Amino acid sequence: MTEFCFPPAPQVSLPVAGTAARFPVRRVYCVGRNYAEHAREMGHDPDREPPFFFQKNPDNLLTGARFPYPPETQDLHHEIELAVLIGRGGQDIAADAAMAHVFGYATALDMTRRDLQAQAKKAGRPWEAAKAFEHSAPIAPALRAAEAPGIATAAIRLTVNGTVRQEATIADLIWPIPEVIAHLSRLFVLAPGDVILTGTPAGVAAVTRGDRLDARVEGLPPLDVEVV
Ligand code: MN
């Protein structure tokens, strides 16, 4: 048995609807600007840019209902996203073979310190402080792919305090799920346990303490969090 200098961090995992078995998380990738209207609201031309990726840490995933407002920001934004969970690894995966690598899906939020992201963009610096902070990825229980047959055209909607803020369908993705997996697998070796947040629709905006976020991807377990 391996002797460690101190106890290793626990394995991060997600509950899976309908089973006691949990999905063990390895890496968390995120796609930037994957809905045209959101790319435009952030000041970019959606027609000219291939997908790009950044990462959060596995232990940034939050499975509880209380999201603690993070320090060092005055402009914390919500981004609802469909999370794709990888069940079979690979590299250089062809788009037409990509769906066989999907374990399932979950509804997630890519919480973002927009002020720090704007500073980072301006200075040409990396995004970790804006994106990969504690609890920055609230996520609902997963659903196996076989139980989510309509995912490619599912509605995706975020309501804050009863008001719809973001609304689109998964069919609006500039780079659909198979293409995201294909692109990502050319850059990195994918493995079981990888989680891919596929981008957010238009309507991103600030939240404050006390706000209630109601995130829904049609057919998947819901995600309800309160900012505390
Ligand atoms: Mn995002």
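**The manganese site**

Begin with the manganese ion, whose donors are spaced along the chain as E-x1-E-x28-D. The model is predicted, and each stop below should be read with that in mind. Select Glu 79, Glu 81 and Asp 110: these residues coordinate the manganese ion through OE, OE and OD atoms respectively, at 2.0 to 2.1 Å. Glu 79 belongs to the loop between β7 (76-77) and β8 (80-86), while Asp 110 belongs to the loop between β9 (102-109) and β10 (112-113), so the pair ties together parts that are 31 residues apart in sequence.

Are Glu 79 and Asp 110 buried or exposed? Glu 79 has a relative accessibility of 4% and counts as buried. Asp 110 is likewise buried, with a relative accessible area of 0%.

**The whole chain**

Next, display the protein chain as a cartoon. Four helices and 17 strands can be traced in the protein chain. Its radius of gyration is 17 Å, close to the 17 Å given by the globule rule for 228 residues, so the chain is as compact as a globular protein of that length. Along the principal axes, the C-alpha atoms fill a box of roughly 45 × 45 × 35 Å.

Of the 228 residues, 48% count as buried. Switching to a surface view shows an accessible surface of about 10800 Å², of which 53% belongs to carbon and sulfur atoms. When contacts between residues at least 6 apart in sequence are considered, 75% of them join residues at least 24 apart.

**Aromatic rings**

Now select the aromatic side chains. How many aromatic pairs does the structure hold? There are four. One of them is formed by Phe 23 and Phe 103, a tilted pair with 5.2 Å from centre to centre and 40 degrees between the planes. Phe 23 is in strand β2 (residues 22-24) and Phe 103 is in strand β9, so this pair ties together parts that are 80 residues apart in sequence. Phe 23 is buried, its relative accessible area being 4%.

Move to Phe 52, Phe 54 and Trp 127, which form one aromatic cluster. Then select Lys 56 and Phe 133: the charged end of Lys 56 sits over the ring of Phe 133, 5.9 Å from the ring centre.

**Helix α4**

Select residues 177-187, which make up helix α4. The buried residues of this helix are Ile 177, Val 180, Ile 181, Ala 182, His 183, Leu 184 and Ser 185. Against which strands do the buried residues of α4 pack? Highlight β3 (28-32), β4 (52-56), β8, β9 and β15 (195-197) to see these partners.

**Two loop residues**

Asp 75 is found in the loop between β6 (66-67) and β7. Asp 75 is partly exposed, with a relative accessible area of 26%. Setting aside neighbours within four places in sequence, Asp 75 is in contact with Tyr 69, Thr 112, Arg 113, Arg 114, Asp 115 and Ala 206. From C-alpha to C-alpha, Asp 75 and Gly 43 are 18 Å apart in space, and they are 32 residues apart in sequence.

Finish at Leu 220, placed in the loop between β16 (212-217) and β17 (223-227). Leu 220 is buried, with a relative accessible area of 9%. Not counting residues up to four places away in sequence, Leu 220 touches several residues, including Leu 82, Tyr 105, Ala 106 and Thr 107. Leu 82 is 138 residues from Leu 220 along the chain, and their C-alpha atoms are separated by 9.6 Å.

Notes. Residues numbered from 1 in each chain as written. Predicted model: local features only at pLDDT ≥ 70, side-chain atom pairs only at ≥ 80, totals over all residues. Heavy atoms only, no water. Donors = N, O, S within 2.8 Å, 3.2 Å for Na, K, Ca; no water. Buried < 20%, exposed > 50% of the residue type's maximum accessible area, 1.4 Å probe, protein only. Phe/Tyr/Trp six-rings, centres within 6.5 Å; stacked < 30°, edge-to-face > 60°. Lys NZ or Arg CZ within 6 Å of the ring centre and 35° of its normal. Rg over C-alpha atoms; globule rule 2.2 N^0.38 Å. Contact = heavy atoms within 4.5 Å. Areas by Shrake-Rupley, 256 points an atom, 1.4 Å probe, with all protein chains shown as cover.
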